[in-house]
Amino acid sequence: MQRLFLFFLLLTCFSCSTDFTLEAPWEDIPIVYGFLSLQDTAHYIRIEKAFQEPGGDARALAQIADSLYYEETLEVSLEKVISGRTFALTRVDGNQEGYARVEGPFATQPNYLYKINATDINLLAGEVIRLNINRGNNLPIVTAETQMLDDIFIRESNPPSPVNMAYDRNINFVFNVGEAAQIFDVRLLIYIHEQGNGREETKMLEWILTDDLRSVSEEGRVSVGILGEEFYRFIGSSLDQENGIQRRLEGFDVAIAAGGQEMVDLLTISEANLGLTSAQVIPRYTNLSEGAGLFSSRSKAVRKDLTITGVSQDSLRDGIYTRSLNFR
């Protein structure tokens, strides 16, 4: 399970439970975060609880694991809605799975997640998947649904590599998606080799072309364009001039992430409450039947090892934005 480009900033929406009423009678409030992807070898869902007893200290409780997690008897399953087949998830410690919790206000040991191997459920593009959480104690079953996104197909000929990055040239990065994909994040990962002054390393520059694209043609075609001049301007603004350092562009990748309708709904409700006419309090979006959080689907793809033409290399070495950076 990897963190998505666009969706990575949204993790903070569900990392803190202190926006609930602090001085209130005890209430069981489930907090859920989970993205399913056809590309994952295992699927993980974070399920916690948020509550505060009258007179309690939220910061102190956040460091007590028993305050965050449900008992081991919690039953979590994924259901294929059309067939009705259900698949049980197992509670695991994310620290032992390679997904350590980031240090912060919440307890990091243990770090419980609910897991199922991809081969045990065999998710398919277009399927509607329902999350079911049974807390026992005659409490209602907590549910949420999402439609699985298809793989992203990147067109290798748009643009062809090596890429002509002429200053006045429009370069379009084109890819195709399934109907469930609704929002996109596209980035260039540019690799610069540096050598000199006793060091040698390769730096990665991350250029966000868009992190909120919602334009898809009827054929499922998505296109993101840049002007060649912008490529050099970005590199020029991202690197410092250093005497004694020689640089070389090793190439770049195109990284694409897609999200489903739930992500669009989350961003839409946030955007509706920005500006002079906004509400004083931003509503908390959730697609759970009870509690708060987000259960959705995602997809990602990377086109690797693109290069630029020889003429473009000359522009990188001698152009107005980068000529002081010692490219060769």
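The side chains of arginine 187 and glutamate 206 are joined by a polar contact of 3.4 Å. A polar contact here is a pair of N or O atoms within 3.5 Å; within protein, one atom must be able to donate a hydrogen and the other to accept it, and residues adjacent in sequence count only if both atoms are side-chain atoms. The model is predicted: local features need pLDDT of at least 70, side-chain atom pairs count only at pLDDT 80 or more, and totals for chains, interfaces and linings use all residues. Residues are numbered from 1 along each chain as its sequence is written, and side-chain values use heavy atoms, with hydrogens and water left out.

**Arginine 187**

- Arginine 187 sits in strand S11; helices (H or I, at least four residues) and strands (E, at least two) are DSSP runs numbered from the N terminus.
- Arginine 187 counts as buried because its relative accessibility is 8%; buried means under 20% relative accessible area, exposed over 50%, and partly exposed in between (1.4 Å probe, protein chains only).
- Valine 302 is 115 residues away from arginine 187 in sequence, and the two are 9.6 Å apart in space, C-alpha to C-alpha.

- Strand S11 (residues 183-196) pairs with strand S12 (residues 199-213) in the antiparallel sense over 12 bridges; two strands pair if DSSP finds at least two bridges between them.
- Phenylalanine 184 has leucine 213 in S12 as its bridge partner.
- S11 and S12 form a hairpin with 2 residues between them.
- Asparagine 197 lies in the loop between S11 and S12, and has a positive phi of about 55 degrees although it is not a glycine.
- Asparagine 197 counts as exposed because its relative accessibility is 56%.

**Threonine 210**

- Threonine 210 is in strand S12 and, at 16% relative accessibility, counts as buried.
- The threonine 210 side chain reaches two backbone nitrogens: that of aspartate 212 at 3.3 Å and that of leucine 213 at 3.5 Å.
- Not counting residues up to four places away in sequence, threonine 210 touches Phe184, Asp185, Val186 and Val224; contact means heavy atoms within 4.5 Å.

- An open sheet is formed by 3 strands in the order S9-S10-S13, with antiparallel pairing.
- Strand S9 (153-154) and strand S13 (221-227) are the edge strands, each pairing on one side only.
- Strand S10 (residues 170-176) pairs with S13 in the antiparallel sense over 7 bridges, and asparagine 170 has leucine 227 in S13 as its bridge partner.
- Helix H5 (residues 228-238) lies across S10 and S13 and runs at about 65 degrees to S13; axes are lines fitted to C-alpha atoms, for helices over the stretch in contact, and angles run from 0 to 180 degrees between N-to-C directions.

**Nonpolar cores**

- The largest nonpolar core has 39 residues, and those with the most contacts inside it are Met165, Phe173, Phe175, Ile190, Phe231 and Phe252; such a core is a set of buried Ala, Val, Leu, Ile, Met, Phe, Trp, Tyr and Cys residues joined through side-chain atoms within 4.5 Å.
- At least two residues of this core come from each of S10, S11, S12, S13, H5, strand S14 (246-259) and strand S15 (292-306).
- A second, separate core of 22 residues includes Leu36, Val76, Met148 and Phe295.
- Leaving aside neighbours within four places in sequence, the contacts of phenylalanine 175 include Ile152, Phe153, Ile154, Phe184, Val186, Val222 and Ile256.

**Backbone features elsewhere**

- A cis peptide bond with omega of about -5 degrees joins asparagine 158 and proline 159; proline 159 lies in the loop between S9 and S10.
- Another cis peptide bond, with omega of about 10 degrees, joins serine 161 and proline 162; proline 162 is found in the loop between S9 and S10.
- Asparagine 326, in the segment after helix H7 (310-318), has a positive phi near 65 degrees.
- With a relative accessible area of 26%, asparagine 326 is partly exposed.

**Whole chain**

- The protein chain has 7 helices and 15 strands, and buried residues make up 46% of its 328 residues.
- Of the contacts with a separation of 6 or more, 72% are between residues 24 or more positions apart.
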